[in-house]
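Please look at the structure below and follow its strands one after another.

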Amino acid sequence: MAGTAAVVMVPSPAAPPVDTPAGQDEPEAAPPPRKPSGPRPLYVGTYTSVEGGGTGIGLASYDPRSGRITGSGTLTGVPDPSYLAVHPDGRTLYAVDEREDGGVTAVRLADRRVLGTRSTGGAGPCHLSVHPSGRWLLSANYGSGSVAVHPIGASGALGERTALVTHSSPPPGPGQQGPHAHQFLTSPDGGHVLAVDLGTDTVYTYRLDRVKGTLTEVARARTRPGAGPRHLTFHPGGRHAYLANEVDDTVVVCGYEPGTGRLTIGEPQSTGSGGGTNYPAQVLVTANGRYAFLANRGHNSLARYAVEDGGARLRLLGTVPVGGDFPRQIAFSPDGRLLFAANQRSGTVTVFRVDADDGGLRLTGEPFASPVAVCALPL
């Protein structure tokens, strides 16, 4: 990709009134979604401080029918943007700055203007997500094992941090030197936020004060020692979730209680890697709740599961070669018809068509080259 910014294929919606807090006023009911007919935006996260890395956030577009990706430049000025998320209104992009002095950056998509960066209060932030209300940004600091909350203003810009919690207990798991927060996300009911910590083998549940932006721990769930939990994804039904364990190469089904925020971790299951060196990265579940997919780094595959018993069971169907090396992150297109895999070591993004009937994956076209691709965000 070129080192200069280029036009981003994103509509230019009118900015919300500056005196109206984001997420306060409910918009009028939107018309039924139309089938995609033209190119859609794709943003690619990378590392800017490693050899062969990128120079910022990769800009591209994709054909929602064929899956073909076309590059259009780079959005510079954001260091080490290894993970990306978009505001629910589609106007603002957020990126972690995965550095020792960690930060989170907001970018207005209409004109690609960087709205500013705020400190996460920790080291090596590797994940972020936007609360469904659109008013809070949640981030996870891997290096220091902490999670942070930032308010989001009406313009999409970030305010000063309102919460920072370090996972000081339980003690680190086998082979770990300290806590390593790897993910921070909101439960489907919106009542709780959960932090997945690889270093302490624990998933922490917090209650987020939606007025103050503070966190109160209400529950924690421990995996077996040395599992190294990395990524949690909820079933659409809201009563179950699936946890990828990076260190012991397993995936588990979890029960979830919306009222209390309590997560119950089940028995470890196979990732389909065959026992070789493998580090599961991320789980996705289809919108209809019938199939789940797991990115396998090392085995370089996507494991396919049938979701059964209302979300309470995963049945491994097999694996599909990912078409790249070390799939760090996977994402669905908004309509769920395509699956994108960001392959870190091969520096590529591969695209699969998802069969809604049987959960089949079919590779579409040639891999898209992007330096040290670690996150692909299709809009």
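Two strands count as paired if DSSP finds at least two bridges between them. The model shown here is predicted. With that rule in hand, take strand β12, residues 181-186, and strand β13, residues 193-197: five bridges join them, and they run antiparallel. In general, strands of a sheet pair through backbone hydrogen bonds, either parallel or antiparallel.

β12 and β13 make a hairpin, with six residues between them. In the turn sits G190, whose phi is positive, about 75°. How much of β12 is covered? Six of its six residues are buried, where buried stands for under 20% relative accessible area.

Next comes an open sheet. In which order do its four strands stand? The order is β8-β9-β10-β11, and the pairing is antiparallel. β8 (125-130) and β11 stand at the edges; each has a single partner strand, so one side of each is left without a neighbour in the sheet. On average, neighbouring strands of this sheet are turned by 15° against each other, direction ignored.

Now to the loops. Most residues other than glycine have a negative phi, and most peptide bonds are trans. Some places in this model depart from that pattern. The peptide bond from S169 to P170 is cis, with omega near 0°. P170 belongs to the loop between β11 (163-166) and β12.

D249 is not a glycine, yet its phi is positive, about 60°. Where is D249 placed? It lies in the loop between β17 (240-245) and β18 (250-257). Is D249 buried or exposed? Its relative accessible area is 13%, so D249 is buried, the cut-off being under 20%.

V372 is another residue other than glycine with a positive phi, in this case near 40°. V372 is found in the loop between β28 (368-369) and β29 (375-378). V372 has a relative accessible area of 13% and is therefore buried.

Terms used:
Residues are numbered from 1 along each chain as its sequence is written. This is a predicted model: local features need pLDDT of at least 70, side-chain atom pairs count only at pLDDT 80 or more; totals for chains, interfaces and linings use all residues. Side-chain values use heavy atoms; hydrogens and water are left out. Buried means under 20% relative accessible area, exposed over 50%, partly exposed in between (1.4 Å probe, protein chains only). Helices (H or I, at least four residues) and strands (E, at least two) are DSSP runs, numbered from the N terminus. Axes are lines fitted to C-alpha atoms, for helices over the stretch in contact, and angles run from 0 to 180 degrees between N-to-C directions.
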